[in-house]
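Here are my notes on this model, point by point. Please read them with the structure open.

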Amino acid sequence: MKIDVKHIAKLANLSVKEDDISRFEKQLSDIVGYIDKLNELDTKDTPPTPQVTGLINVFRPDETAPSLTQEESLSNAKKKHNGLFVVEQILEEK
Amino acid sequence: MNYTTIIGLEIHVELNTNTKMFCRCSANHFGAEPNTNTCPVCLGLPGALPVTNKKAIENCIKIAQALNCSINTDSWFERKNYFYPDLPKGFQTSQYLNPFGFKGYLDIKVKDETKRIGITRVHMEEDTGKNTHTTVDGEKVSLLDFNRSGVPLVEIVTEPDIHSGEEAKAFLTELQKIVRYLGVSDADMEKGNMRLEPNISLQKEGEKGLPPYKVEVKNINSFRFVDKAIQFEEKRQAELLNNGEIPAQETRGWNENKNETVSQRSKEEAHDYRYFPEPDIPPIHFTDSEINELQSQVPELPIAKTDRYVNEYALPYYDAEILTREKSLADYFEDAVQDGKKHDVTPKQIANYIINKKVDSEKTVPAELVTMIKQASQKVTVDSSTLTPIIEKVLSENPKVVEDYKGGKVQVIGFLIGQTKKQLPEADAGQIKSTIESLLK
Amino acid sequence: MNIQQLTIESILEGYRNKDFSVTDVTKMYLDRIKQYDATLHTFNTVTEEHALHDAKRLDQMLTNGDISLPLFGIPLAHKDIFVTKGIRTTASSNVLDDYIPQYDGTVVSRLKNAGTVLLGKLNCDAWAHGSSGENSDFGPAKNPWNTEYIPGGSSSGSAASVAAGLTPVSSGTDTGGSIRLPASFTNTVGLKPTYGLVSRYGVMAMASSLDSIGHFTKTVTDSALLLNVTAGPDGFDSTLRQEKENDYLENMKKGIKGIKLGIPKEYVSEGMEKEVKQKFEEAVKKFEKLGAEIVEVSLPHTDYGIAVYYIIQPSEVSSNLARYDGIRFGNPRSSFGDEAKRRIMLGTFTLSSGYYDAYYKKAMQVRTLIIKDYTNTFEKVDALIAPVSPTLPWKFGAKVDNPLAMYLSDALTVTINIAGIPSLSVPAGFSSNPKLPIGIQIMGPHFSEKKLFQIGYAFEQETNYYMEVPEL
């Protein structure tokens, strides 16, 4: 199976250099070829297991706890302005 | 060419819980200094994990119940994966396959007709941070505040059963009332704790099935603008269709200054959110008795209450609707009605009084209100055998005033009425006036 | 006293006997790090000032005769994906080379409060993606037994530092074998606890439904002592069991007479390297000598483990690494290394529209079958024993050009993570030329750590492999 690396990289917000595309394509295709092995198994009536714990209804009461200070919140930002994080403006709306 | 407007609404209601959806930061972010209500969880820091706010889920279910939805007793969260600067985890924890509520409805009244709007789903999710576009030091930037990130949001999606801006407004007004009755949100569009996006398309006359496109409109922050935006779209889309074109399936933004919708740069491809079950949050299961308990916490809702006032208290629909706009006023009215029973004051009298006079329900308790009404109505007709002698006495004591009245200064009758009332406070001013007039003819 | 053989027990004994102070012990380790880590490269960050400050504070308590804290004065180091407040935490990635966390995770906090002294942050495969340590953006850690060989990964620095006596204990994570593999390659004890026993809060998420938070020690006893501190609910991780065990050392020295040990036949195949097979067979004989009953069992879906793992794990990785966008912390996503990019893309693909059912959903279904294999087996036996790796540690560079070949080295470890069961890797001997460690793993039902310690302790005391130390 051929993986569309350009499309996948875009979805994943990753930049992949032109030179690397065919290398990743081969590696990913090899891996996907291997994982296709699962098709050997008939799982028509098998329920999926998203969670091994068997837990349900894990909740907490609606009580506040202290937040980080503004300084702590911003402490690792490369760019900040008046207590806000700064990022280059994206022209597309979400 | 005649078209039917097909509108589906997507509404987001911000809950007024104390804490955020998955962390214990305060959910009350209005007016707070930026980035002061954040923690590793809602800031999306490395290593952070979610813990679910039970109250938020209960409130979501109550909204679903108020909208007559079926409730999924087995439910879970999913990750909705996409990239945007105001989404700190790079995914939103939301619901996809099994929303808490589904297949409901809301009846609305438009022009004296009742219409049923289908509710497709009601689900629980979390809010994103706030993104403001501006220029700093000559550079175009976006400024991010994560105080709002993680605040509980309930998403409500309607069936495409709405066919005009007016219907949309009626629906939204009713929904807002319901949410406020439940006490789970201020649902204030100006404050941003109720947001909406209409999806609009036009169906050709005789065409069966939904149109082959729909236009989503964002950035609408009042009911008035919903109507305007819908009307603008109806015009714009009709023009395109009349020209034989199909309007593009896209997202447009409402520009309130220009009173028009503007195309936002369309994405090259539709979003692939890659939903998968949220591994960090175990599934949720509600028992029937828990669901019933939540249902019992849903109060009588505006529509039912209005109808009851019409039937039980013989109020006109118009008056009943005013009294039920806010639950606190309706409760006040009914407390007064209860008290009024002991004093022979009717619901209609109370309704009239509340509606016509500006009653401050905070200052005047229901019992006081009843007393006020009783006093005002106790200005009943006094027997003329009692009234006439007193008026005659007043007239004889004030000859100059009588002379002025007869001379044309008719306004002096007020003085005579006042003097009479001093001796007969319960007498009706109108009755006194007509008696004086006839005596002085 | 040979510092390379110090354990929690012997250090605590030393404090009780006033043989040395906390500062003495701390300085000893810091000196060893200075001496050997330029070659071994197990630390990303050494927190000398911090450590000496902690030591001083603890020495005050020592003077007052208060050494009641469960891990009083025990130096330790954390895999560099455990966030430590105020101390650089990098995930061994260029994306986070300057990240200073604003909070301590649960395990970090509990170990701190238990009296430990933080020596620093340990090298690993970047983002815990790897089986050899070679994916570290800062250069790989080396195997102290022979520096031409990999120490195993992804907790490479954690294993190598304990093996080399640069720290008596270290933390690690195991998502597909990342504690057990390096433990077995370095002659250390590596515990992968049950999923849901130890809080993941404060550990950078790799695969949320597979990550298990564990540790490396020289002995089984030390491993149990650490688990007493780290295990249990914390209110910040929704996937934790609410019940708490009282003492993991309970019954540890009981012996294993009559215990039924299963050997999954799919784990001992002809494809294994000769010496690994040999050492495993010797181990089986030792267990028999100790009184255990050996039973052959089958885990029929073993062969599908890698495929299931390399769908579920990258899918969850692709989502968990989405928060690294350079805005609130860290560097832009262009700083991700190749392996991270590969896994993110693979996971994005397996979750994408049109492929979700065939891959992620399918993997979750086969997961059900794998869990059933273990459930069925544990009805017949108390625990399972198996090799950890089908091969000996390999030389640096041997598998870097073939990601799939690298993935296949996880064949014997991944189904344990898929099922969420616990596994303890213990030393089981050495290959002859070169001398490289070989380990075995002891697996049990969910929350059976006490039993694993009991079995591991008996084997350890019978074989004494833990007493051997590498020449540095």
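1. Contact here means heavy atoms within 4.5 Å. By that rule, and leaving aside neighbours within four places in sequence, C:T90 is in contact with C:N44, C:D80, C:L96, C:D97 and C:F138. C:T90 is found in the loop between strand 2 (75-79) and helix 4 (106-113) of chain C. Helices (H or I, at least four residues) and strands (E, at least two) are DSSP runs, numbered from the N terminus.

2. On provenance: this is a predicted model, in which local features need pLDDT of at least 70, side-chain atom pairs count only at pLDDT 80 or more, and totals for chains, interfaces and linings use all residues. Residues are numbered from 1 along each chain as its sequence is written, chains are lettered from A and ligands numbered from 1 in the order written, and side-chain values use heavy atoms, with hydrogens and water left out.

3. Is C:T90 buried or exposed? C:T90 counts as buried because its relative accessibility is 0%. The cut-offs are under 20% relative accessible area for buried, over 50% for exposed, and partly exposed in between (1.4 Å probe, protein chains only). The side chain of C:T90 also makes a polar contact with the side chain of C:D80, at 2.5 Å. A polar contact is a pair of N or O atoms within 3.5 Å; within protein, one must be able to donate a hydrogen and the other to accept it, and residues adjacent in sequence count only if both atoms are side-chain atoms.

4. Now the interface of chain C and chain A. It takes 54 residues from chain C and 46 residues from chain A. The two chains bury about 4500 Å² between them, 68% of it on carbon and sulfur atoms. Buried area is the accessible area (1.4 Å probe) that two parts lose on being put together, summed over both. C:Q102, C:Y304 and C:M345 supply 15% of the area that chain C buries against chain A, more than any other three residues.

5. Polar links between chain C and chain A come next. There are 21 residue pairs in polar contact (both at pLDDT 80 or more). Helix 11 of chain C gives the most to the side of chain C that touches chain A, with 11 residues. The rule also finds three salt bridges across this interface. A salt bridge is a side-chain nitrogen of Lys or Arg within 4 Å of a carboxyl oxygen of Asp or Glu. A:K78 and C:D98 meet in a salt bridge through their side chains (3.2 Å, N to O).

6. Chain B and chain A show another pattern. Here 58 residues of chain B are in contact with 38 residues of chain A. The buried area is about 4300 Å², 56% of it on carbon and sulfur atoms. The salt bridge count is zero, while 24 residue pairs are in polar contact (both at pLDDT 80 or more). Strand 10 of chain B gives the most to the side of chain B that touches chain A, with seven residues.

7. A sheet spans chains A and B. Four strands form an open, antiparallel sheet in the order 2(A)-3(A)-10(B)-9(B). Its edge strands, each pairing on one side only, are strand 2 (80-81) of chain A and strand 9 (130-136) of chain B. Two strands pair if DSSP finds at least two bridges between them. Four bridges join strand 3 of chain A to strand 10 of chain B, with B:L144 the bridge partner of A:F85. Strands 2 and 3 of chain A pair over two bridges, and A:H81 has A:L84 as its bridge partner.
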